[in-house]
Every structure is written in structure tokens, then in C-alpha cells.
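Look at the sequence and the model first, then read on.

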Amino acid sequence: MSDSYTSSKIKEALVASQGSRARAQDILLGWAQADDRLLRGLVEPYLKGIVTGTVERVTKPAAEKSAAVAQPPSPAIVRAPAPKVPVPKPGPPRELSPEALDKALSLMGQGALPPRPSPAAPAPRSASPLKLGTTNPVPPTKAGAKHQQTMRALAAIYARKHRD
């Protein structure tokens, strides 16, 4: 993907998606369907693998094909079809200098988060029992009877499910 045209289109998609990689992919997919130069630039590094896989699939002997149909493919290979997301048609290009674009891309996902406003002085902790909505600084030493009963019931259901 040494093509500078492809690289600039990828940067454009990242800017248009405000740094969202998933959205940038959707935008690039839409653009690649209408732009052959972009499509070729994106596919070029993978073309040999695509051709090899296609030739293998077509030339596979009939015996292997029927065996492959009988066995379901492994879960690592199966992929759900990607949902169709409407990709907006690119509007008139907005002018952004290459330096500004590079700077914006370098800043995306970098740096520290903005500082959070510091809360007022923390409330003093009392030795009184905890109330709803507070955190328990000391975990209980033993589970209650109801909790123990629930955990035994969940364990029995889990064991039954995995025994069958």
C-alpha cells in the first residue's frame, strides 16, 4: 500500500470518521466500490493470497468438496456477514493541508485524557453500618445462607448442562 493516493484516502476517511476506525472502514468500503484506483491500492498487498485461495477452491477435487460439506467449518474460520451500513456519499472535498491532516491524525488517540474536576473534600467515613449506595470497604468474612443456596443451585445447573 505504498500508493500515496490510497494513504491519503485512508487519512481522509479517518478524519471524516472523527478517528473511529470502524466508521473509517465503512467509509473506505463505500468509496472503494466507486473508485477503482482506491480499490486496487487496498487489495494489492493481498492479491496473491486472494488468487491462491480462489484457485485452490476451484481446483479442489470433488471428493474433498463432499468431505468439506459433511464437516462444518471450524468456528475460527466462520464469519458472520458484516451488516450493511449505509455509507454517505462523499460531499465536496474540504481543503485541509497535508501538514494539518498529519497533525490531526497524530493527535488522535494520543495524549492524556482531560483532567477530571476534583470532587469536594471526601466525606469522612464513620464506623456506622453501611447504607444503600455506599461501598463496602471490608468484604464479609462468610457468605450468607441465601447466597450459599443460590451458588449451589447455579453450580448444579452448570454441572447438569455440561454433563449432557
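Is the crossing of helix 1 and helix 2 left-handed or right-handed? The crossing of this pair is right-handed. Keep in mind that the model is predicted. The points below take each helix pair in turn, then the rings.

**Helix 1 with helix 2**

- Helix 1 spans residues 4–16, and helix 2 spans residues 21–34.
- Their axes come within 8 Å and cross at roughly 130°.
- Because angles of 65 to 115 degrees count as roughly perpendicular and those over 145 as roughly antiparallel, helix 1 is oblique to helix 2.
- On the helix 1 side, the contact uses Lys9, Ile10, Glu12, Ala13, Leu14 and Ala16. Helix 2 answers with Ala24, Ile27, Leu28 and Trp31.
- By class, the residues of the contact of helix 1 with helix 2 are eight nonpolar, no polar and two charged.

**Helix 2 with helix 3**

- Helix 3 covers residues 36–43.
- The axes of helix 2 and helix 3 come within 6 Å, crossing at roughly 120°.
- That angle makes helix 2 oblique to helix 3.
- The crossing of helix 2 and helix 3 is left-handed.
- The contact of helix 2 with helix 3 divides into seven nonpolar residues, no polar ones and one charged.

**Helix 1 with helix 3**

- The axes of helix 1 and helix 3 come within 9 Å and cross at roughly 95°.
- Helix 1 and helix 3 are therefore roughly perpendicular to each other.
- Helix 1 brings Tyr5, Thr6, Lys9 and Ile10 to the contact. From helix 3 come Arg37, Leu38, Gly41 and Leu42.
- Four nonpolar, two polar and two charged residues make up the contact of helix 1 with helix 3.

**Rings and charge**

- What sits over the ring of Trp31? The charged end of Lys9 does, 4.7 Å from the ring centre.
- Lys9 and Trp31 also belong to the contact between helix 1 and helix 2.
- How many aromatic pairs does the structure hold? The count is zero.

Technical notes. Residues are numbered from 1 along each chain as its sequence is written. This is a predicted model: local features need pLDDT of at least 70, side-chain atom pairs count only at pLDDT 80 or more; totals for chains, interfaces and linings use all residues. Side-chain values use heavy atoms; hydrogens and water are left out. Axes are lines fitted to C-alpha atoms, for helices over the stretch in contact, and angles run from 0 to 180 degrees between N-to-C directions. Helices (H or I, at least four residues) and strands (E, at least two) are DSSP runs, numbered from the N terminus. Angles under 35 degrees count as roughly parallel, over 145 as roughly antiparallel, 65 to 115 as roughly perpendicular and the rest as oblique. A crossing is left-handed if the near helix is turned anticlockwise from the far one by less than a right angle, and right-handed if clockwise. Contact means heavy atoms within 4.5 Å. Ala, Val, Leu, Ile, Met, Phe, Trp, Tyr, Cys and Pro count as nonpolar, Asp, Glu, Lys and Arg as charged, and the others, Gly among them, as polar. Rings of Phe, Tyr and Trp (its six-membered ring) pair if their centres lie within 6.5 Å; planes under 30 degrees apart count as stacked, over 60 as edge-to-face and the rest as tilted. A charge sits over a ring if NZ of Lys or CZ of Arg is within 6 Å of the ring centre and within 35 degrees of the ring normal.
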